[in-house]
Amino acid sequence: MAEKRFLALADVSEILNISSAQAYALVRSGELPAIQVGGRGQWRVESRLLEEYISRGYEKTAEYVRAQSSEGRPGPDGV
């Protein structure tokens, strides 16, 4: 079966292991691009954009860890 192009916010919250309210907040803030579809205006997130969001999260975390270690601060594992 082919991967779904669009995901409901419930799917997004499950993938990210966050609450539905947190997923909705990511969309409403524009941090996670989404579209509204159907007569009830339900939100959908393109799978590709969710993967890009996750990749950006890894990049931000790596930058943060590098900055902390260059300042001599302990990393996430306390070392």
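**Exercise 1. How are α1 and α3 oriented to each other?**

Let's work it out on this model, which is a predicted one.

- Step 1: find the two elements. Helix α1 covers residues 9-16 and helix α3 covers residues 47-70.
- Step 2: look at the axes. They come within 12 Å and cross at roughly 30°.
- Step 3: apply the cut-off. Angles under 35 degrees count as roughly parallel, so α1 and α3 are roughly parallel to each other.
- Step 4: The crossing in which α1 passes α3 is right-handed.
- Step 5: see who does the touching. From α1 come Val12, Ile15 and Leu16, and from α3 come Leu50, Tyr53 and Ile54.
- Step 6: sort them by class. This contact of α1 with α3 has six nonpolar residues, and no polar or charged ones.

**Exercise 2. Work out how α1 and α2 are arranged, and which residues bring them together.**

- Step 1: take the axes again. Those of α1 and α2 come within 8 Å and cross at roughly 110°.
- Step 2: compare with the cut-off. The range from 65 to 115 degrees counts as roughly perpendicular, so that is how α1 and α2 lie to each other.
- Step 3: list the partners. On the α1 side you'll find Leu9, Val12, Ser13 and Leu16; on the α2 side, Ser20, Ala23, Tyr24, Leu26 and Val27.
- Step 4: sort by class. The contact of α1 with α2 counts seven nonpolar and two polar residues, with no charged ones.

**Exercise 3. Explain what stands out about the backbone of asparagine 17.**

- Step 1: Most residues other than glycine have a negative phi.
- Step 2: look at this residue. Asparagine 17 isn't a glycine, but its phi is positive, at about 60°.
- Step 3: locate it. Asparagine 17 is in the loop between α1 and α2, the latter spanning 20-29.
- Step 4: check its cover. With a relative accessible area of 72%, asparagine 17 is exposed.

**Exercise 4. Step back and describe the whole protein chain.**

- Step 1: count the elements. There are three helices and three strands.
- Step 2: Starting at the N terminus, you read β-α-α-β-β-α.
- Step 3: ask how much is hidden. Of the 79 residues in the protein chain, 22% are buried.
- Step 4: The protein chain exposes about 6,000 Å², and carbon and sulfur atoms supply 52% of that.
- Step 5: check the sequence reach. Among contacts with a separation of 6 or more, 44% join residues 24 or more positions apart.

Notes. Residues numbered from 1 in each chain as written. Predicted model: local features only at pLDDT ≥ 70, side-chain atom pairs only at ≥ 80, totals over all residues. Heavy atoms only, no water. Axes fitted to C-alpha atoms, helices over the stretch in contact; angles between N-to-C directions. Helix = DSSP H or I, 4+ residues; strand = E, 2+ residues; numbered from the N terminus. Parallel < 35°, antiparallel > 145°, perpendicular 65-115°, else oblique. Left-handed = near helix turned anticlockwise from the far one by under 90°. Contact = heavy atoms within 4.5 Å. Nonpolar A, V, L, I, M, F, W, Y, C, P; charged D, E, K, R; others polar. Buried < 20%, exposed > 50% of the residue type's maximum accessible area, 1.4 Å probe, protein only. Areas by Shrake-Rupley, 256 points an atom, 1.4 Å probe, with all protein chains shown as cover.
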